[in-house]
Amino acid sequence: MRQARGAFAVLAGGTDLLLDIQQGRHPVVDTLVDVSNIPELSTIEVYQDHIYLGAGVTHKQIISSQLLLENAQCVVEGCGLIGGPQVRNVATIGGNVSHALPAGDGTISLLALDTQVEIASIGGRRWEPLLEIFAGPGKVTFDRQQELVTRFRFNKRLEREGSTFHRVMRPQGVAIAILNMSGWVKLDDSEHLADVRIACGPAGPKPFRGFETESFLRGKCLDETILMEAARVLDAEVNLRTSKHRATKDYRHSLLPVLLKQVLLLAVSRAKENRE
Amino acid sequence: MTKLTFIVNGEHKQVEIEPGEMLAEVLRKRLGLTGTKISCDELECGVCTVLVDDLPVLSCNYPAIKANGKHVTTIEGLASDGNLHPLQEAFVKKGATQCGFCTPGQIMTAAALLKEHPDPTIDDIEYALNDTLCRCGAYPAIVDAIRAASDKINHGTPIEYPQYEFEGGHKVIGQVVKRPEAVDKVTGAAIYTDDISFPDMLIGATLRAGIPHGRVTRLDTTAAEKLPGVHAVLTAADIPGRVNHGLVIQDWPALVGVGEKVRYVGDAIAIVAADTEDIARQALDLIEVEFEQLPVVTDPVEAKLDGAPLVHQEGNLLKHIKVDKGDIAAGFEQADVIMEDIYTMPTYEHAFMEPECSVARVTEDGRIELWVGSQIPYADREQVAAALDLQPQEVRVRSPLTGGGFGGKEDIAGQIHAAMLARSTGRPVKILYSRHESLLVHPKRHATRIKVTLGLKKDGRLTAAQTELFGDTGAYASLGTKVMGRATTHSTGPYIVPNVKIDCYAMYTNNPPAGAFRGFGALQACHAIECMMDQAAERLGLDPVEFRRMNALRENSITNTGQHLTESVGLLECIDRVEAEMLQSTNGAAPFAAREVKGQPNKRRAWGFAVAFKNTGLGEGAPDKATAEVELLDGGIAEARISSAEIGQGLVTVLQMITSQELGLPLDQVRVLLSDTDLTPDGGPTTGSRQTYISGNAVRHAANSLREQMAATLAEKFDVPPDEIKFIEGLAQVREEMVPVTDVVALMKQEGKEPKVVYEYWAPKTFPLGEEGDKHFAYSFAAQATEIELDLDTGEVAVIRTIGATDVGKVINPLGFQGQVEGGTIMGIGHALTEEFIIEDGIIFTDYLARYRMPSIHHTPREIKVIAVEHPTSEGPYGGKGVGEISTMPVPPSIVNAIYNACGIRIKTLPIDQDWLALELRKKAK
């Protein structure tokens, strides 16, 4: 990056960036810095209590990883819905996150795992909560000309934890979710939610975490009433809007309880199965 | 330049590449491996798939330098030791290749799948092929092929041709045979226009208006001309001959000059020929053009109002088409119930996988030679010649293989421009449209608004039908008068209606032109009347199938245009057979009632029903003929020649079969040469489901006459009556003696007879609307049942199963028939669920394939039951009539009717909007 001539951009899989440049959505660059051949960025590892996921790991690697299936099922599911095999073979999780779209399927699923992201530069490296790096649609808080997303980390799955990802698409038009949602739950011994995380998009200019819904749900045992009330809390804290040719605000609102119920019930049933 | 070293199909390769070059370009242009095709160039379609270290990637946007040091496998590298890979063999035998343009991508994606999952389930196959698109809709055959290949690889099971209920009847006709060009299509050897290049070839590019309506006030090309590497910049002033082109009405300028009007965003202002595409694009940027913007009209109903902006000086009405039968007022008076509703359908895009490409050069004798994937080579020749002020004979148009057409390759695209640039520069010139340009420029399906009013007796008999149609023909006429003519006559459905009144308005607007597209206006008409028929059945408390059966056209019925149908009306049998199949699947339960889905309380399933009819041929008074030539060559090979186009539908196969059948020659001793105006006589346009009938008859008569000449020659030599001579498997049987056809040819030549027959076939005469007489010489009929699953929470709709019966007179090519019906069904599903070409104030929103979704394997039901109904038409070849269009037509209304049956919500606008549907479901639930 330091040696790049003129304007440059970091290229990993390139499935978003190259088209954005060609179709005029990204400023023209003189140099593309290909980071996809850096072995350190392409590994999935366990170290102590955490899973470390390299930013250069492809969607294909993610959906083929037994380690991730056991520890991050929502990420495997989210990434498995992206593209066809050709795109998944080159598109990277770091690219999905760095693109900073409010409804990136990989991003949303990582948020449900309370993921932290490592940002590296010549000056060093630091960990930040994933949610903190988004500044707006397509915008990040770190300096793309100096810094690079290198790794993600999240907790290994423990007993009685489960996660999932789901989305609703529109059959016409671009392959971006009308609404996606990822959920992670931890059950206590009495099958109440000891902890819960909900992420969804597009629910505002940035990828969204439903903290208020999570607080509401914590300690509760899921039933129809609680699900309906939780949907109301979620409905109040999201910022849904109409996007032309994709979805109306009303439709998105109507999908919130549907997705919330699907996601929570499946995550809970997985958590129950994950009793060792 | 950078050095790229990699292994391609097992061979070490080292090439110098430019920064930013993509792998597909390197393979195609630097290594000549043109088997890898580029279709969308935007990572949407999967056509360009190759393997990099055994993983499938999209080579159109895979930076070539990333392949450094890696193994790349392309379609050319799949066969080994001259043997087809099992996938290639299976694609050939299962009919999984139609136009063939996506085939390399499908096979390479499948090859990667089989490496990972040697014995894939249907789920695995659908997941792997999810983003590898096929506009011909060969997905069911592709799935079969992958499974057959897997069985061969794993268990050594031989790959067999499929078997159908509707096979047989003749020695060759009606048998399952191999598509002759299929092997080339699965090995990457098949040549399409963009695969043709010359060493000194220039690249052409076109400056588009970019505004929907305006007058060109200034045009300055000076800077572009000065750019190094630019060899020509041409404008309207450089057109030596006729400025306008057009298949029916010449109203479409090849280039819009200063002082003239642009009428849609895709109008061409200037063309450039340069050393490279990059330079050509830079040159376009340097052309200065100014417009006086004019008010825009984009709605066909508004276009008819007084004071609407005028698209053409003469007014916005292209044509008012009328049908009157009986006494409409009396018909409504007799009715117990009168129902009325309005249905709208959007613009649809053909999205053929191969974007338009023209390559032109000036030959040594000063003629123009033009390669283009065209549906009407002789019309291209006439229009190019007229623009260049040449005689038609001074232009040669030849089509390599064509990667899909569906009606979208009938008009002029880059043909005239490429010819002009070649003549101006003296060098070959290629103009290849990007997907973006293709979406902007070529004519689409007419957006249509149809009002249907029906008068009904309580018992269900129709007393009157009145329709009013508005068709958006866009900026130029193209085939608008014909398309909306077909919409008109098909708008009261295949029903007996004593009193009819139809008014259809084909309107100019500032949208892209609309022209031919599979179904040709009759598709829109079918949708409106078939939705209305279901509404009427419900109102009258009748079963929708029984209600249709009661009113269906049958032998000796009179159509809405007064045509007496004397034969070949298989509609009732289509209805009966589809109904029987549908009832079998529900075990006799009411198919149109909503059914719950076990374990999924938010899902409902229901069947929907619709019927269709579609004329074969041009009809309505248009002279309809084809000329074919059949010649016996040395070596006992017969060659059939005709200019008609193979666009994936299987015409080569059909003509080979007919020639083989008539001459008694084995199939592999028959060659078919198509689409070359120097070498093949005029077969007319490939449109209106006419080629099997018209070109088929021309070839049949030519071959038949050639056989008679051979028989006459042998009869004289052996002194036997000519009708005692039989032709079997390449041999003439004369009494006990078998004479090889090669000897017969030699004998004919010795006698100074040329073993060649040219036959000009004229279809039965038809008459225009408003005159007495038949409007069409044959109609195909179809019935369709579709089962859908609706998600009550999200409004998502999935097609579960379809049953389609089609009366095609006689199935000549079973593999082709199956492919046409399956593919047509899938396109119909696309029209209902996934496709919508969106134009806002004349500006195109769906200007990338990412925004225009054609159905993928994901939308393809796992069960598409294809039923052939064969009510022969006496004049058709072996009784056959058209199949290409009708299979798509009844699918959208059957889906809309099924959704109504599932939830009680009636959809009146296509495509089905799940957003709207979900919100309606919410309202209903409250």
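Predicted model: local features only at pLDDT ≥ 70, side-chain atom pairs only at ≥ 80, totals over all residues.
User: Where is T463(B) found?
Analyst: In strand 21 of chain B.

User: And what is T463(B) in contact with, leaving aside neighbours within four places in sequence?
Analyst: G331(B), Q334(B) and A335(B) are among its contacts. Others include G455(B), L456(B) and K457(B). V497(B), P498(B) and N499(B) are on the list too.

User: Switching to helix 16 of chain B. Why call it largely enclosed?
Analyst: Because six of its eight residues, 544-551, are buried.

User: Which ones are buried in helix 16 of chain B?
Analyst: P544(B), V545(B), F547(B), R548(B), R549(B) and N551(B).

User: What do the buried residues of helix 16 pack against?
Analyst: Several elements of chain B. Strand 20 (447-456), strand 21 (462-474) and strand 24 (600-615) are there. So are helix 15, helix 17 (571-585) and helix 22 (891-903).

User: What happens at the start of helix 16 of chain B?
Analyst: D543(B) has a side-chain oxygen there that comes to within 3.1 Å of the backbone nitrogen of V545(B).

User: Which residue forms a salt bridge with E546(B)?
Analyst: R549(B), with the closest N and O atoms 2.6 Å apart. E546(B) is partly exposed at 37% relative accessibility. R549(B) is buried at 18%.

User: Now helix 15 of chain B. How many of its residues are buried?
Analyst: 17 of 19, so helix 15 is mostly covered.

User: What span should helix 15 of chain B have?
Analyst: At 1.5 Å a residue, residues 522-540 should span 27 Å. The end C-alpha atoms are 26 Å apart, which agrees.

User: What comes just after helix 15 of chain B?
Analyst: G541(B), with a positive phi of about 70°.

User: Back to salt bridges. How many over all chains?
Analyst: The structure holds 84. One of them pairs R28(B) with D194(B), at 3.0 Å between the closest N and O atoms. That pair links distant parts of the chain, 166 residues apart. R28(B) is in helix 1 of chain B, and D194(B) is in the loop between helix 6 and strand 6.

User: R28(B) and D194(B): buried or partly exposed?
Analyst: R28(B) is buried, with a relative accessible area of 9%. D194(B) is partly exposed, at 21%.

User: What about E787(B)?
Analyst: E787(B) forms a salt bridge with R801(B), 3.1 Å between the closest N and O atoms. E787(B) lies in strand 32 of chain B and R801(B) in strand 33, so the bridge ties together parts that are 14 residues apart in sequence. Both residues are buried.

User: Which residues do salt bridges that share partners join into one network?
Analyst: R361(B), R367(B), E369(B), R396(B), R398(B), D676(B) and D678(B).

User: Last topic, the interface. What area is buried between chain A and chain B?
Analyst: About 3200 Å², with carbon and sulfur atoms giving 53%. Chain A puts in 40 residues and chain B 43.

User: How many salt bridges across the interface?
Analyst: Four. One of them joins R170(A) and D913(B), at 3.3 Å from N to O. There are also 23 residue pairs in polar contact.

User: Which element of chain A gives the largest share of the side that touches chain B?
Analyst: Helix 5 of chain A, with six residues. The residues on that side divide into 18 nonpolar, 15 polar and seven charged.

Conventions: Residues numbered from 1 in each chain as written. Chains lettered and ligands numbered in written order. Heavy atoms only, no water. Contact = heavy atoms within 4.5 Å. Buried area = accessible area lost by both parts, 1.4 Å probe. Salt bridge = Lys/Arg side-chain N within 4 Å of Asp/Glu carboxyl O. Polar contact = N/O pair within 3.5 Å; in protein donor to acceptor, adjacent residues only side chain to side chain. Helix = DSSP H or I, 4+ residues; strand = E, 2+ residues; numbered from the N terminus. Nonpolar A, V, L, I, M, F, W, Y, C, P; charged D, E, K, R; others polar. Expected span 1.5 Å × (residues − 1). Buried < 20%, exposed > 50% of the residue type's maximum accessible area, 1.4 Å probe, protein only.
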